[in-house]
Amino acid sequence: PDILARFAARFRCQEWPGKRFPRVYYDPRSLDQDPAKRASLHAKCIVVDRERAFVSSANFTQAAQVRNVEVGVLIRSRPFAAKLSDHFEALAEAGCLRPVPGMDEK
């Protein structure tokens, strides 16, 4: 819980530029004490209103946005955005992804 709280506080204060926060999820396996079982949610995408999707190589950090060489694409396609959203929602419903606590506050 402490790791997630620190992440949420840092993300809200330092990483995300806006006042409206996205739903942010994590893979619970990323916190496993056993390194052999540890995994990483490495996807970087944002779906807006199930109509547009931004898919990028960039992490949502200052370094990625300011110093790194990254690439991303904005896809204005309702079918694609809905399918991408459905994919992550199914992972969340199955318990494979969990919302980061504290990210839904205004």
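Let's start with Lys44. Beyond its neighbours within four places in sequence, Lys44 is in contact with Phe54, Val55, Ser56, Ser57, Ala58, Asn59 and Phe60. Keep in mind that this is a predicted model.

Where does Lys44 lie? In the loop between β1, residues 25–26, and β2, residues 45–48.

Now the charge. Lys44 is buried, yet it has no salt bridge. Which side chain of opposite charge is nearest to Lys44? That is Glu70, and it is 6.4 Å away. A salt bridge here would need a Lys or Arg side-chain nitrogen within 4 Å of a carboxyl oxygen.

What does the Lys44 side chain have as polar partners? There is a polar contact with the side chain of His42, at 3.0 Å. There is also a backbone atom: the oxygen of Ser57 lies 3.3 Å from a polar atom of the Lys44 side chain.

Next, the sheet. Three strands make an open sheet, ordered β2-β3-β4, with antiparallel pairing. β2 and β4, the latter at residues 72–76, are the edge strands; each pairs on one side only. On average, neighbouring strands of this sheet are turned by 10 degrees against each other, direction ignored.

Look at β3, residues 52–56. How many bridges link β3 and β4? Five, in the antiparallel sense. Take Val55, one of the Lys44 contacts. Its bridge partner in β4 is Val73.

Last, the helix. α3, residues 78–93, packs on the sheet and touches β2, β3 and β4. The direction of α3 makes about 65 degrees with that of β3.

Note on methods. Residues are numbered from 1 along each chain as its sequence is written. This is a predicted model: local features need pLDDT of at least 70, side-chain atom pairs count only at pLDDT 80 or more; totals for chains, interfaces and linings use all residues. Side-chain values use heavy atoms; hydrogens and water are left out. Helices (H or I, at least four residues) and strands (E, at least two) are DSSP runs, numbered from the N terminus. Buried means under 20% relative accessible area, exposed over 50%, partly exposed in between (1.4 Å probe, protein chains only). Lys and Arg count as positive and Asp and Glu as negative; His and the chain ends are not counted. A polar contact is a pair of N or O atoms within 3.5 Å; within protein, one must be able to donate a hydrogen and the other to accept it, and residues adjacent in sequence count only if both atoms are side-chain atoms. Contact means heavy atoms within 4.5 Å. Two strands pair if DSSP finds at least two bridges between them. Axes are lines fitted to C-alpha atoms, for helices over the stretch in contact, and angles run from 0 to 180 degrees between N-to-C directions.
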